[in-house]
Amino acid sequence: MDTPLDLHHGIPYSLTSWDAAMPESVTIDAHHHFWRYDPEEYGWIGDSLKKIRRDFLPEDLEREMASAGVDGVVSVQARQSLVETRWLMDLAARNDFIRGVVGWVDLRSPRLESDLESLATMRKLKGIRHGLQSEPDDALVECDDFNRGIRALKRISLAYDLLVVEHQLPAAIRLVDRHPEQVFILDHIAKPRIRDGLMEPWQTHVRDLARRPNVFCKLSGMVTEADFLSWTGEQLRPYFEIVLDAFGPQRLMFGSDWPVCLVACGYQRWRDLVFGWLTNLSTDEQARVLGGTAIEAYRL
């Protein structure tokens, strides 16, 4: 049917479902992770990231949030595991400040429908993510089974987080074009080559992706695409200005990428930097980026 039933709220979900009456002071961190560190389970945390080779749990993040004036968060998967997804859902059930979870499920699995049905009973599940950035080529986004899985997300009103690096943007655009009614959320502004000071072809492709009205974008993950020790706000600002111009405040959202950001930047410092970039926007526009966009895109 044209408007899928929202199993969490019992009402049809649309891209304009955000309640404009939501208090403007609500600040949502739309992207962070939890884990109990295990070197085998988190092999992607290499030597350059050794600073975060430890546990990061709700009590750790809650302290950071209190200092930074953040009201709620969206917890995003860090492993491609149903076990981790269910663990994140358990943490969300026990911590009110976790407003939503972006989990993982095998979108190609013949058991996908039953897996999604079991997960969809969990009220705080808001999206699914598969790490496309780790795929060796673009074959997965062309795969019939994978695209069938994306169509299944729309039927139960789950967003799909796009985790890609800049050279994968053309493939991401092809994927989005196959699913014009599915909500997509671009993580980490598609990881431009900030360390090398390059804008192209990232700028051209991200502007092209932004022309699709069903795509939102997270202001997150930028410091770890720059040099961890020598990055500056002025170095990052042009990339922010491009996505602000491309997506507008209505489809841009704040995210910390904590604890990954800690290898280059403290939570409070990233919060202050983003808030500073937004000072030239109207109060309503700032409210969208800091909370309203995430509330709409993830139905928080």
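Q: Trp35 to start with, buried or exposed?
A: Trp35 counts as buried, at 0% relative accessibility, where buried means under 20% relative accessible area, exposed over 50% and partly exposed in between, with a 1.4 Å probe and protein chains only. This is a predicted model, in which local features need pLDDT of at least 70 and side-chain atom pairs count only at pLDDT 80 or more, while totals for chains, interfaces and linings use all residues. Residues are numbered from 1 along each chain as its sequence is written, and side-chain values use heavy atoms, with hydrogens and water left out.

Q: And how many aromatic pairs does the structure hold?
A: The structure holds eleven aromatic pairs, a pair being rings of Phe, Tyr and Trp (its six-membered ring) with centres within 6.5 Å, called stacked if the planes are under 30 degrees apart, edge-to-face if over 60 and tilted for the rest. One of them joins Trp35 and Trp44, whose ring centres are 5.6 Å apart with the planes at 90°, so this pair is edge-to-face. Trp44 itself counts as partly exposed, at 39% relative accessibility.

Q: What about Phe56 and Trp258?
A: Phe56 and Trp258 also form an edge-to-face pair, with 5.3 Å from centre to centre and 85° between the planes. Phe56 sits in the loop between strand 1 (28-32) and helix 1 (58-68), and Trp258 in the loop between strand 8 (252-254) and helix 9 (267-277), so the pair ties together parts that are 202 residues apart in sequence. Helices (H or I, at least four residues) and strands (E, at least two) are DSSP runs numbered from the N terminus. Phe56 is buried at 0% relative accessible area, and Trp258 is buried at 1%.

Q: Which residues form the aromatic cluster?
A: Phe34, Trp35, Tyr42, Trp44, Phe56 and Trp258 form one cluster.

Q: Switching topic, what volume does the largest pocket have?
A: The largest pocket has a volume of about 550 Å³. On a 1 Å grid over the protein atoms alone, a pocket is an open set of points with protein on both sides within 12 Å along at least five of seven lines, a cavity is a set where a 1.4 Å probe fits but cannot get out, and lining residues have an atom within 4 Å of a point. Grid points are joined across faces, edges and corners, and a volume is the space filled by probe spheres set on the points.

Q: And how many cavities?
A: There are two cavities of 30 Å³ or more, and the largest cavity has a volume of about 50 Å³.
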